[in-house]
Every structure is written in C-alpha cells, then in structure tokens.
Amino acid sequence: MSGTAIVVTSGKGGVGKTTAAANIGAGLAMSGPTVALVDADIGLRNLDLVLGLENRIVYDLVNVVEGGCDVQKALIRHKHIENLSLLPAAQSRDKTAVTPEQMKALTLGLKESFDFVILDCPAGIEQGFKNAIAGADRAIVVTTPEMSAVRDADRIIGMLEAEEVKNPWLIVNRIRPDMVKRHDMMNVDDLIDFLKVELLGVVPDDESIIISTNRGIPAVMDEKSRAGRAFLDIASRIMGNDVPIAATLEPDDWFSRFAKWLGISRG
Amino acid sequence: MKAQEVIFKGTRDGLRLVIDADENIEELKGKLRRRLNEAEGFYSGARVRLDTRGAVVPPEWIEEVRMILEEYGLSLSEEKPGQRRPRQHAAGAGRASAKKVLDDGGPESGEPIVRGDTILVRRTLRSGQAVSFDGNVVVMGDVNPGSEVLATGDIVVFGSLRGMAHAGSAGNAEACVVALRLIPTQLRIADKITRAPDDETQVPQGPEVAYLREGSIVIEPWTTHTGTVLV
Ligand SMILES: Nc1ncnc2c1ncn2[C@@H]1O[C@H](COP(=O)(O)OP(=O)(O)OP(=O)(O)O)[C@@H](O)[C@H]1O
Ligand SMILES: [Mg+2]
C-alpha cells in the first residue's frame, strides 16, 4: 500500500509553511500513522530546527538524490515521536541542485514506506516550488489574513491546478480574533468567498509557536498551546475525521461562524 | 515596432498559433515555451492550427513546434498552414478533445471551449492567468485580481470580475463588459481606461454592464432593457 504525499505551500514567504509542516507531521505521527517530513527548501533549511534535530544531520536530500546515500540512511528519527522521520534539506546547495523528476521519484519512494509524506515547500513560484509539488498528491496552501498573502495564495492555487494538483486545502494562519472583531482583519468567510477552496483549519496567532520553535519541540506536543491544538485538529481532519473548526479556538460566538464551512465534501 | 511575438489567437475556426517565420527556430521555440508556461496549462487539451501568416516554413520547424505543443498537452492540427477547412467542420477545431471533456466535465474543470466567435471559459481565472481572444469571452467563474481578460468583442463574467477586463481590444467602441459582480481593478473598452475610485468600498448589489457612452465608460445595472439600448 502506498501513502499520501502532501505539499505545504504558500507563494508568499514567512506565512507559516514550515511551522505548519512540522506541526501537521508531528500531529499525524502522534496519532498513529508513519510520517516522513521532507524539507524541500534547499539552501534555507528550517524544518530540522523547528523539530530540534539540527545536530543529528549527517546526510541530506541532495546526497540522496545524487545517489550518494540511501534514503533510509538520511532519514532522522524524531527524539520523542516514534513515527516521525525527517529528510533534511541541504544547506550549502540551492534549488537547482535537484529536478522535479528527481523529487517525484524520491517522493514516490518515500510513499512506499510511510503513510504520509509531508513536503515543506520554499516560498515563491520558481524551481523550488516546482520541485516540491512534483510528487505531491495533494496540497495545503497556507495564508495569513492579509491581502498580499491571499493574492499570492490565489496565484499558487492556479498554478497547482495547472500542475494537476487538484482541490487544495487552505489553512489560515495567525488569526487574531480581537482584530477580526474590530474589523481590522479579514474574516475567514470573506477569504473563502474569494479563494473558493476548502478550509482545512484556522490557526490563531500564538506566541507559544515562537517558544516551541526556539525549543525545537513542535507546539502539538504542548497541551496548553492553542495553535498546537488547532494543528492537532488539522491533522485529524486530514485523516478524514469530522472535527468542527471552531472547537480549538476561544469560546467566542464569532468563531462559530466557521463551523458552516465544514459541510464541504473532502475529495 | 518590434516583430510580432508568438501568440495564441482564438478565432472562429478554433485556436491558432501565430508565429513569425522570420525568427530563427531556437528563438521561436523559446518564446513558445514561455507562452505555454505563462498560460499554465490553460490551453492543455486544445487542438491548434499553425499560422505562419502566409510564409512557407521548413517541415522540421513544424515538427519542432509539434513536439513542444505535445509536451504541454496540446496537439497540432494536421492541416497545412494557410489551407482553410470549410467552416462547418472547423467550428470545433479549438475544442478540447472528447476524452478530456468526459474525464472532467465539472464546471470548475476544463479547457476553454471555442464556438464560433465566442470562447467559453469554464473556470475561475486566478492571479497570473489570462485569456485573450479574437471574439467574445464568457467566463463561468470569477476573474480574480491579477488576472486579465482581453476580447475584441464583449466580455461576460458569470461570477465576480475583480481583475482587469478589456473589451473591444482592437478598437470596437460598441463592446461591453457584463458581470454578476462588476468590481474590476481596471476596466478598458476600446481605447478608454477606467479604474475604481480609491475610496470605493461599496459592492454592487446585482449584475452590471459597462459600456462606452459619448466617449467615456459608464456602468449601469444590467437589465434586459439595457441590452436593447446597446444594439
Ligand atoms: N500561528 C503563529 N503564531 C505566531 N507566530 C507564528 C505563527 N505561525 C508562524 N509564526 C512565526 O512566523 C515566522 C515564520 O514562520 P515559518 O518559518 O513557519 O514560515 P514559512 O512560510 O515557512 O517561511 P519561509 O517562506 O521563509 O519558508 C516564524 O518566526 C514563526 O515562529
Ligand atoms: Mg519555511
């Protein structure tokens, strides 16, 4: 049986792709499935840091693709989460070190031994993006509730459709309920009305993310982290469970409006 | 003026690929690839007729072009350049192949369908995507900011028009733009350009039409009565 490859992408930089990839990967692995996280941001690797695995890197993705090393040898087991492995990016190379065909073969290979392959995509629409999506079955598009990020998300969704990665999921990251309430921030309804894609989850702006990133422990492992709980719910939805989107956010009547987006079928 | 680029043209006989036979083949191939990359799969599945504007090109050229087109999921019509098919057969020449239509016939899917002098685009145009057509354009979906619709005739958007639309792009001052929600970043009709006022926040309640009256673009609620005024 073959697993599912999901690419986490955004267009605009710094909106939370790496944070999402790490937490979704960890969240999935914590509830049973085996997960390989692939850092496809060659030259700007981050995923190892967020997972606290930087000091264990011996081989990287480029070594594997160039045939110098078996993929199993390059994969790093997570310290605390048994089912989670990381394939780190090369830091001293750039996006042109691999081709989409090579990434496709690599992803296909990983799907043989893992239930989920989560790919952390670099920002932009150039070769790094093309590499990361080459072997993906599905895509998660991350945006923040800012017009510039939403526009870039729209562009990325169009490009994903053209590359036959259909029906992307959307994550709205760094929502601040207080700002939305004051109408100082786009609300999720407007955002979905514009992008017309399926909402996978809403993650609050939460300083626990910064603390967990610095510690190298994914927020999903911290029961008190609101963002962590939102990512756990997202992982659960990816596994096909019907988790209401409002559940992890503050008991605020404004958020209950999200619940209606859950009715959309998951293809 | 610069020599004509490689362009795709929707015509009454289907999709045409117009190339400049004076270019060298390597340049031409580069331009064609760039076009197809920009289109991001938009033309995928379409049949294309090569138009060399009457020039005779070596058969190797046509082979090279065919190979690139096929790489991007298009096919080259067998017919020799310059040789026109009778109208009744040619009407569907720009249409997606039958298989593709059966595969994913949903309203969100799909390649553009050319019928007569109108192209039907059955999907949302997202940022960075564009449709340009020698005739009328109907979009069943939204036209998002950062995307463009160009038509020598009318433009009809069955959705929200938030991007750029240019009707009558070859100078037809009778052309109009109709949309269920007409909130474009910019609107052009023939040689006139308008944009929304910077403080405009009101969203129109219903479908609207934009057309030229006494040399300036006016926007009015769409009623069937408006249609008769326009004729
Ligand atoms: N929900 C959140 N709450 C607070 N801070 C966040 C949240 N999500 C992400 N951040 C912070 O935003 C910054 C950028 O996040 P991240 O590195 O995940 O983005 P990215 O999209 O991967 O960036 P790049 O495009 O550079 O790869 C980080 O400092 C991260 O800690
Ligand atoms: Mg990143």
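Predicted model: local features only at pLDDT ≥ 70, side-chain atom pairs only at ≥ 80, totals over all residues.
Trainee: Which side-chain atoms of A:K17 and A:T19 lie at what distance from ligand 1?

Mentor: An N or O atom in the side chain of A:K17 is 2.8 Å from an oxygen atom of ligand 1. For A:T19, a polar side-chain atom lies 2.5 Å from a ligand oxygen. Both pairs are within 3.5 Å, so both are polar contacts.

Trainee: How much of ligand 1 does the protein bury?

Mentor: Taken alone, ligand 1 exposes 630 Å². The protein buries 79% of that.

Trainee: Which elements give two or more residues to the shell around ligand 1?

Mentor: They are α1 (17-30), β7 (169-175), β8 (198-204) and α10 (207-215) of chain A. The largest share, three residues, comes from α1(A). In total, 17 residues surround the ligand. The closest are A:G14, A:K17, A:T18, A:T19 and A:N173. By type, the shell divides into six nonpolar, six polar and five charged residues.

Trainee: Why is helix α9 of chain A called largely enclosed?

Mentor: Six of its eight residues, within 188-195, are buried, so the rest of the structure largely encloses the helix. The buried ones are A:V188, A:D189, A:L191, A:I192, A:F194 and A:L195. They pack against β6 (138-143), α7 (147-162), β7 and β8 of chain A.

Trainee: How do you know that A:N187 caps the N-terminal end of α9(A)?

Mentor: A side-chain oxygen of A:N187 lies 2.8 Å from the backbone nitrogen of A:D189.

Trainee: Why does A:D41 count as buried?

Mentor: Its relative accessibility is 11%. Buried means under 20%, so A:D41 counts as buried. The residue sits in the loop between β2 (35-39) and α2 (47-50) of chain A. Leaving out residues up to four places away in sequence, A:D41 touches A:A89, A:K95, A:D120 and A:P122.

Trainee: Is A:R174 called buried, partly exposed or exposed, and why?

Mentor: A:R174 has 40% relative accessibility.

Trainee: Is B:A190 buried or exposed, and how do you know?

Mentor: Its relative accessible area is 8%. That is under 20%, so B:A190 is buried. B:A190 is in the loop between β13 (186-189) and β14 (192-195) of chain B. Its phi is positive too, about 50°, and B:A190 is not a glycine.

Trainee: What makes β2(B) and β3(B) a pair of strands?

Mentor: Pairing takes at least two bridges, and these strands have four, so they pair. The sense is parallel. One bridge partner of B:L17 in β3(B) is B:L50. Strand β2(B), residues 14-18, is mostly covered, with five of its five residues buried.

Trainee: How many helices and strands has chain B?

Mentor: Chain B has five helices and 16 strands. Of its 231 residues, 45% are buried.

Definitions and conventions:
Residues numbered from 1 in each chain as written. Chains lettered and ligands numbered in written order. Heavy atoms only, no water. Near = heavy atom within 4 Å. Polar contact = N/O pair within 3.5 Å; in protein donor to acceptor, adjacent residues only side chain to side chain. Areas by Shrake-Rupley, 256 points an atom, 1.4 Å probe, with all protein chains shown as cover. Nonpolar A, V, L, I, M, F, W, Y, C, P; charged D, E, K, R; others polar. Buried < 20%, exposed > 50% of the residue type's maximum accessible area, 1.4 Å probe, protein only. Contact = heavy atoms within 4.5 Å.
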